[in-house]
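Have a look at the structure first, then read on.

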Amino acid sequence: MGKLVALVLLGVGLSLVGEMFLAFRERVNASREVEPVEPENCHLIEELENGSEDIDILPSGLAFISSGLKYPGLQNFAPDEPGKIFLMDLNEQNPRAQALEISGGFDKELFNPHGISFFIDKDHTVYLYVVNHPHMKSTVEIFKFEEQQRSLVYLKTIKHELLKSVNDIVVLGPEQFYATRDHYFTNSFLSLFEIILDLRWTYVLFYSPREVKVVAKGFCSANGITVSADQKYVYVADVAAKNIHVMEKHDNWDLTQLKVIQLGTLVDNLTVDPATGDILAGCHPNLMKLLNYNPEDPPGSEVLRIQNVLSEKPRVSTVYANNGSVLQGTSVASVYRGKILIGTVFHKTLYCEL
């Protein structure tokens, strides 16, 4: 009788493991391939070979680009090189990327930049906020941008117990920002189980010198975050749930969910087209290929445009899609006057004229 019970329990256990494995494969789109959608006027940026995980473009057309991210479980082609912030002037006919010098006593050897966001003060001074992972911890670095010198001046490091496993950031005022936590566990093995078990323990937090609080929770893996042009709404990508949450921002910085836009692809960083208010989403069509990197069968890339975001039926269209032959692991896309920069977690960067 004991052996029979043991066999039954073993069978039930194996069945549950099998169901979890199948659910995980479906969640990460393990079998998905993309049909190519490629604008004609595109070329790779020579200076950006080790990723461009996030891109933020100033109203003047100067683009900040974070490069060299080292992230547990993901490919990196230059593991011994520190990360950098690059600058591109999209007003130029053939824009090139230039690494920005950093002064002010910042430890550049430990620079591991992730999400970025700029803030323009009343006196037109530009500040760049950068999610950093020194020793795989999470901090937010504040820099002042010196346009004439094409450099960054280090000002301050922000640390807080709620700033754990930070992915992205959107700045709305002096030292006032929203940030996403993409995993509850910091161990890469346990964080993978978060996706497998569909645990929804990650969140969005608000930070200011006076108050730090969680303002939205229940995400499987809160990832990219941005704000509408009028700053009334906050958009949050849940990469593992394959959707975008549209949140209303209140005067006390709390967020209320208005709707969820399901996309069927794994959404990374979000930007807003300043001319139209559309969301542009850098996406991973097949997360399994990203997590289990194989140069013979690389992860593909996908960029979506979401129009009429607040309507009952937002319109979703594909701006770019590639099977990995040109661009691998797209994480972000940002536009400026008919031009688009498409960045990746660890691969190259594509510039297109639309």
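How much space lies in the largest pocket? About 820 Å³. This is a predicted model, where local features need pLDDT of at least 70, side-chain atom pairs count only at pLDDT 80 or more, and totals for chains, interfaces and linings use all residues. Residues are numbered from 1 along each chain as its sequence is written, and side-chain values use heavy atoms, with hydrogens and water left out.

A word on terms: on a 1 Å grid over the protein atoms alone, a pocket is an open set of points with protein on both sides within 12 Å along at least five of seven lines, a cavity is a set where a 1.4 Å probe fits but cannot get out, and lining residues have an atom within 4 Å of a point. Volumes are the space filled by probe spheres set on the points, which are joined across faces, edges and corners.

| Space | Volume | Nonpolar / polar / charged lining residues |
|---|---|---|
| Largest cavity | About 50 Å³ | four / four / three |

In the table, Ala, Val, Leu, Ile, Met, Phe, Trp, Tyr, Cys and Pro count as nonpolar, Asp, Glu, Lys and Arg as charged, and the others, Gly among them, as polar.

The largest pocket has 38 lining residues, and Y71, P72, D182, H183 and S191 lie nearest its centre. Two or more lining residues come from each of β11 (166-173), α2 (188-197) and α3 (287-291). These labels number DSSP runs from the N terminus: helices (H or I, at least four residues) and strands (E, at least two).

Around the second largest pocket there are 29 lining residues, with D56, I57, F118, T226 and V227 closest to its centre. Elements giving two or more residues here include β2 (54-57), β7 (113-120) and β11.

As for cavities, the whole structure has one of 30 Å³ or more. Among the residues lining the largest cavity are R32, E33, P285 and K289.

Buried means under 20% relative accessible area with a 1.4 Å probe, protein chains only. Of its 17 residues, F64, I85, L128, F145 and L152 touch the most other members. Strand β8 (126-132) is one of the elements giving two or more residues, and its three residues are the largest share. Leaving out residues up to four places away in sequence, L128 has contacts (heavy atoms within 4.5 Å) that include F64, I85, F118 and L152.

Notes:
A nonpolar core is a set of buried Ala, Val, Leu, Ile, Met, Phe, Trp, Tyr and Cys residues joined through side-chain atoms within 4.5 Å. Buried means under 20% relative accessible area, exposed over 50%, partly exposed in between (1.4 Å probe, protein chains only).
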